[in-house]
Amino acid sequence: MSGRISRAGLLVILAFLVPVIVEFRTLAALFGVSLSVGQYLVAVTGLVMAVLLAVTAWNLRAGTTADDHTGGA
Amino acid sequence: MTSEELPGEELFLDRFPDEAQVVRASLWSAFVALGIGALAGIVQALHRVGYVRFIDSADYYTVLTLHGVLLVISFTIFFLVGLFTWAVTRSLDRPVENIRFTWAWYLTMVAGTVLAGVAILGGFVDSIPISADVLFTFYAPLQAHPLFYAGLAVFIIGTWLAGFDWFRSWWIWRSENDGRIPLQTFMVLTSMLMWYIATIGVAISVVFFLLPWSLGIIDQVNPLLTRTLFWYFGHPVVYFWLMPAYLLWYTVLPSISGGRLFSDPLARVVFVLFLILSTPVGIHHQYLDPGIAEGFKFIAMTNTMFLLLPSLLTAFTVVASMEHGARQRGGEGYLSWLGALPWRDPAFTGMALAGLMFAAGGFSGMVNAGMNINYLIHNTLWVPGHFHLTVGTAVALTFMAATYWLLPQLTRRRLYSRTIGLFQVVMWFVGMVLMSNAMHRAGLVGIPRRTAEPQYDGFAFDAGLSSVAELDAQVAIGGTLLFVSVVLFLGNLIISLLEDPMEGTVDRSLPPALSGPEDSPEVLDNLSLWVAIALLLVLLAYSLPIGAIVADGGLFGPGTESYPVVLSWLEVVT
Ligand code: HEM
Ligand SMILES: [Cu+2]
């Protein structure tokens, strides 16, 4: 599979997250969940942490299967 | 054959030094406009939301006119003429016929911009009796100083001459070569044909009506007529902004992604569709104008929906080409090939993010285009929200990203910092997500555009899921990020130019398409046929509405001697 996710790649992934973060309350409302501002902040912080953890986990796994070059993300 | 196997091309500036100079001059003119335009942008964004007011609210329209005109006329079109000169010269592999003529059209455009710019800036100084606070749409009865209209006319004449320059290169090339029109030249020629057809409208409006009116030669104009002529031009002009971005997505982006264009025939079809379909739709900007029958508006809406086709074809072809590139670079799987794309390269990431935002802009554009839902968002902040995604990002960000790629071959300089470049394009994306999202939302709840001090304090106002304060914050933060992004872009460029020239060459060859021109029907290159069809569609879409507008409102307005004259005559009789 593909190699590690570089810092440039992480930057792009986080950029893609911004629309979701900004409209997270709208998104939740679509599923009938109404969030207070506090809940919203907790939720999006959690979201970002989850993505960071996922990327780290991915890189650890990719690191064990050698080939961590690729000019890719 | 992949791009690695091709010999590194000679740098454009070594092969065509004179042309490279014109291209550089055009791009710099574009970037000066971008810098000033962005400054106006941040000033008005912070003013509207009431955070910082650098200017008097009475000057808001001066700033907004500056912003609109500099960004969507000067920045976009100067970049376009530079890019098109580069594209025609390199794809025909021949110098321009007469470099003095090439400089002449460039200087004509500069002169036009300076005239219009002076007229706009005059609006800041009360003691100078010159102003042009008419916004980039210059609707009557807003009236500008004659310099403004004259400047526009001169600028447009400059672009006509530029088009002639490129056509002439092609005519001579054709007499010496067989075969298909090279793809980039094909794109330039079709764009220019569309531009010639479209600018007739605005030329008539400016030269026969608005300029004589501001000079006092005629007393009044028919505002509906000049508006309709403006939008006859105003819709195709949005494609004029987009077509250079498409040229880059089709011919440069695949190579940056490490692959080749998926299909040359599809690219030609798309440009032909733009040529024939982009003019007969302008009335979709006038859904709320009284005086145009609903039926004509309905026809414009139908034509507009057909225009989705070339954009969807583009989305398909460009993504397919990127996927091809990613797989050349070792990408695999259904989606994981995305990871194999060169995300570290600001030229790639900028164009990819621009394309993505264009998709979002396409969706909000469909709302604008629908006659019924347009009523909900007409003249609200939704509309600037929409076009900051299209021209303000799909086009502007693509141009900035492409500049990173063009820089070495035009200046023999490497980009000073790729990291800053990458940061800059991502920052634009994030800033625009915030600003444009908030603008769309604000428009949905009816917050108007073109307003210096929208007031929502002191009474209950339902701003949907959020609050006006939250939307304002998004606009302010987003606008600031965008402004900083422009500063980083310009700073990075300037520092690059101060560095020493690099040695050797860089590979900027553009590999041929996977499915080449030999696969596309000859008829696609029959430009006269497409022009004839385009003109026919224009005639069908516009002759009746314009006839009705003139019949109802008079060529030069309804006349000043109406009821009172008749009444006094009646009084005399009785
Ligand atoms: C620094 C980045 C920018 C900021 C902060 C910004 C901000 C704004 C704001 C707040 C408005 C709405 C003002 C109102 O209706 O009251 C606006 C309008 C507009 N913007 Fe931008 N903008 C930026 C970049 C751009 C770019 C790159 C383009 C096009 C290439 C663009 C084209 C326009 C146009 C055509 C209008 C409409 C002007 C009018 O209503 O007459 N902007 N901008
Ligand atoms: Cu339009």
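At 3% relative accessibility, B:Leu135 counts as buried, where buried means under 20% relative accessible area, exposed over 50%, and partly exposed in between, with a 1.4 Å probe and protein chains only. This is a predicted model, in which local features need pLDDT of at least 70, side-chain atom pairs count only at pLDDT 80 or more, and totals for chains, interfaces and linings use all residues. Residues are numbered from 1 along each chain as its sequence is written, chains are lettered from A and ligands numbered from 1 in the order in which they are written, and side-chain values use heavy atoms, with hydrogens and water left out.

Let me stay with the backbone for a moment. B:Leu135 lies in the loop between helix 4 and helix 5 of chain B; helices here are DSSP runs of H or I with at least four residues, numbered from the N terminus. Its phi is near 60°, a positive value in a residue other than glycine. Most residues other than glycine have a negative phi, and most peptide bonds are trans. The loop between helix 4 (99-121) and helix 5 (146-176) of chain B also holds B:Pro141, and the peptide bond from B:Ala140 to B:Pro141 is cis, with omega near 10°. B:Asn379 likewise has a phi near 60°. This residue sits in the loop between helix 13 (371-377) and helix 14 (382-411) of chain B, and is partly exposed at 47% relative accessibility.

I turn to the metal. Which residues coordinate the copper ion (ligand 2)? They are B:His235 through ND1, B:His284 through NE2 and B:His285 through NE2, at 1.7 to 2.0 Å. Donors are N, O and S atoms within 2.8 Å of the metal (3.2 Å for Na, K and Ca); water is not among the atoms, so sites may look incomplete. Along the chain, the donors follow the spacing H-x48-H-H. B:His284 is buried, with a relative accessible area of 8%, whereas B:His285 is partly exposed, at 24%.

Next, the interface. Chain A and chain B bury about 1700 Å² between them, 69% of it on carbon and sulfur atoms; buried area is the accessible area, with a 1.4 Å probe, that two parts lose on being put together, summed over both. In chain A, the residues that lose the most area to chain B are A:Leu11, A:Val12 and A:Phe16, together 24% of what that side buries. The contact, meaning heavy atoms within 4.5 Å, takes 19 residues from chain A and 23 residues from chain B.

How many salt bridges cross the interface of chain A and chain B? The rule, a side-chain nitrogen of Lys or Arg within 4 Å of a carboxyl oxygen of Asp or Glu, finds 2. B:Glu470 forms a salt bridge with A:Arg25, the closest N and O atoms being 3.0 Å apart. On the side of chain A that touches chain B, helix 1 (7-22) and helix 2 (24-30) of chain A each supply at least two residues. Helix 1 of chain A gives the most, with 8 residues.

B:Ser311, in helix 11 (residues 308-328), is buried at 18% relative accessibility. Leaving aside residues up to four places away in sequence, B:Ser311 touches B:Tyr246, B:Phe274 and B:Phe358. B:Ser74, in helix 3 (residues 60-92), is buried, with a relative accessible area of 4%.
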